[in-house]
Amino acid sequence: MEIINHLFDGFLIAFEPLNLILIVVGVTVGLFIGAMPGLGSVNGVAILLPMTFLVPPTSAVIFLGAIYYGAMYGGAISSIMLGIPGASTAVATTFDGRPMARSGQADAALIAAATASFVGGTLSVVLFTMFAPPLAKVALAFGSPEEFALMLLAFATFIGLGGDDIPKTFFSIFIGLVLSAVGLDIVSGEPRLIFFDIPGFFHGVNFLVLAIGIYGIGEILWTLETNKGEVEVSRLDLTFKKFVANMIRLKETIVTMLMGSFLGFFVGILPAAGATPGSLMAYGVAKTMDRNPETFGKGNIKGVAAPESANNAASTGSMLPMLTLGIPGSPTTAILLGGMVIWGLEPGPRLFTDQTEFVWGLIASLYAANLLSLLVNLAFIPAFIWVLRIPFTILAPIIFILCIVGGYAPTQDMHDVWLMLLFGVVGYLMRKLDYPMAPTVLAIVLGPLAETSLRQSLLISHGSAAIFVERPIAAAIMACALILLFLPLLKFFVGKRKK
Amino acid sequence: MRKAELIMAIAMGIASAGLMWKSAELPIGWIPREGPGGGAFPFWLSAGMLICCIWIIVRWFRGYFRFHGETPYMDRETLLVFLTGALSLTVMVGSIYLIGVYGAVPLLLIFYMRFIGRHPWSLTATLAVVFPIVTFFFFEIILTITLPKGLTEPLFYPLYDIFL
């Protein structure tokens, strides 16, 4: 009952005129960003975060949440129409979405993607509403050792489940944490890592500078290289009669959508997993469950419904650890978390008691964002197709300019613009060698929290690391973290023995 | 491709050692009643970075990266695309000190749209004029974030008088 009351209050906040406008604008912008090849929710949220300083924190997070949702919906559009995933989360959608478009069923694929996204998004918000408050209550009992153990778990998840090269993933995490230490020592206040005595380093490395550098500049350089700006857009012929027929056809995908939604939500909760593995797993399960698995990859509508319901559900799932524990479940939520810190909010379980208006306003806005994303998506499909035809030689400089202005805005210091450029270029060069970049962004966001909780814990225990195993919750989380850390090693030895 | 792996690992290894040295400017050990020194956290993490680089270098010598085959890290065309992007941005950011954001933005747009994209002058000029105006109103008037203007600052005084 308490949850329903809170949710009702949340809807009152979400439906305030300003917030409603921001949801509509956010989902529309998100849909366009998501539809662009190479750009996804993380790029949209990173580039547009500096523009939210004008509105109150609740409205700001509602706006960014709407962009996040919109981009998740939009990712399918370029997967289906161009055969290029709008973001990695929409890769699985390409497998069957593109063959459907090629065989003249682009309308059916787009409608299936939009509807599945809606089902996945809505079901996952219901699950979120049920799970978030009890989890936050448990997390309220957490002290510094538990907090540090949680941070370690978040990093360990990237090692154990990320699927990337192990030393490169470790390196990415470490460099993100070191960058978060630049500035003033959090305990003594002494200057730390001030390179060449450049004054700009005194205010530290803003996570946004790194995020825009990697996901803005680096991503555009990557897209320029991979696409060379040349793409082929499929034909789309959509009438009202066809729309109704396609909606009726979706009956056969109901079970697939439900499966994708539940799977996506629970995979999304895991810090390193998120929407990409969630959607790939849902695709795999849908294929295994189907009577005709051989039709997958050749234009099976369930092959669109499964990943699309899963990636939207995972995007909501990734917000659960962010709001309740202060640990982001995806790179996008890592940036949202950084935004919350900038807006003066303390992410974590206390949000549910100290900032109920913020939390429930956000949750209610997710319901509204889902519905509006579906409507805007279906209404603006022709407009998205038009945008996809804009040459990259026009889009690239505009995005570059937005990155530069966005990187300058938070601190109004040109030093940060140079740093952002450096991160973008180096990030691009490293990405070409398969260094994962998401752990670096996660690490720079969590770095200050990790260092504070580690140092506080060691102070309490007079330097003894035993504090992390003496307290039951911390010990349990530490055990999970260690299992995940050693999982790749275990796999390696098991594989060797099998050989 | 394999050489690029080695070069990157060595470069990052050197950077890691530099970070360790820089971190050691603050105490990196345990300080009684104060806990870990201010440099401990970045020092040991940088050490971790260095270990990862050594790990990658050892794997390189053991032939781990052979799966890359002879695929070049960057072919000629990719290098050109990369250099065009990176250098044009560097020139743009550098020119902000002199001609400000509102001078640098049209230049980048003209460079990309006209000289790389071969779009008509009419479209290029329209965007090169409209985009800075929209940027000015959005950032300076609505968000009240002052963007750097370099030597062009005095040209904006009349606009400040009208809008701010």
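The contact between the two chains takes 48 residues from chain A and 50 residues from chain B, two residues being in contact if their C-beta atoms, placed from the backbone, lie within 7 Å. This is a predicted model, in which local features need pLDDT of at least 70, side-chain atom pairs count only at pLDDT 80 or more, and totals for chains, interfaces and linings use all residues. Residues are numbered from 1 along each chain as its sequence is written, while chains are lettered from A and ligands numbered from 1 in the order in which they are written.

On the side of chain A that touches chain B, at least two residues each are supplied by H8, H9, H19, H20 and H21 of chain A. Helices (H or I, at least four residues) and strands (E, at least two) are DSSP runs, numbered from the N terminus.

| Helix of chain A | Residues |
|---|---|
| H8 | 166-180 |
| H9 | 207-227 |
| H19 | 392-408 |
| H21 | 438-460 |

H19(A) gives the largest share of that side, ten residues. By residue class, the side of chain A that touches chain B holds 37 nonpolar, four polar and seven charged residues. Here Ala, Val, Leu, Ile, Met, Phe, Trp, Tyr, Cys and Pro count as nonpolar, Asp, Glu, Lys and Arg as charged, and the others, Gly among them, as polar.

Confidence in chain A is expressed as pLDDT, the predictor's confidence in each residue, from 0 to 100. Its average is 83, and 93% of the residues score at least 70. Within chain A, confidence is highest in helix H20 (residues 414-431), at a mean of 94, and lowest in helix H18 (residues 381-388), at 73.

Within chain A, the axes of helix H12 (residues 275-289) and helix H13 (residues 302-317) come within 8 Å and cross at roughly 145°. Axes are lines fitted to C-alpha atoms, for helices over the stretch in contact, and angles run from 0 to 180 degrees between N-to-C directions. The residues of this contact include Gly278(A) and Ala282(A) of H12(A), and Gly303(A) and Ala310(A) of H13(A). Eight residues of the contact are nonpolar, six polar and one charged.

Chain B has six helices and two strands, in the sequence order α-β-β-α-α-α-α-α. An automatic or database domain assignment divides chain B into domain 1 (2-68) and domain 2 (76-163). The centres of these domains, taken over C-alpha atoms, are separated by 39 Å. Along the principal axes, the C-alpha atoms of chain B fill a box of roughly 60 × 55 × 25 Å.
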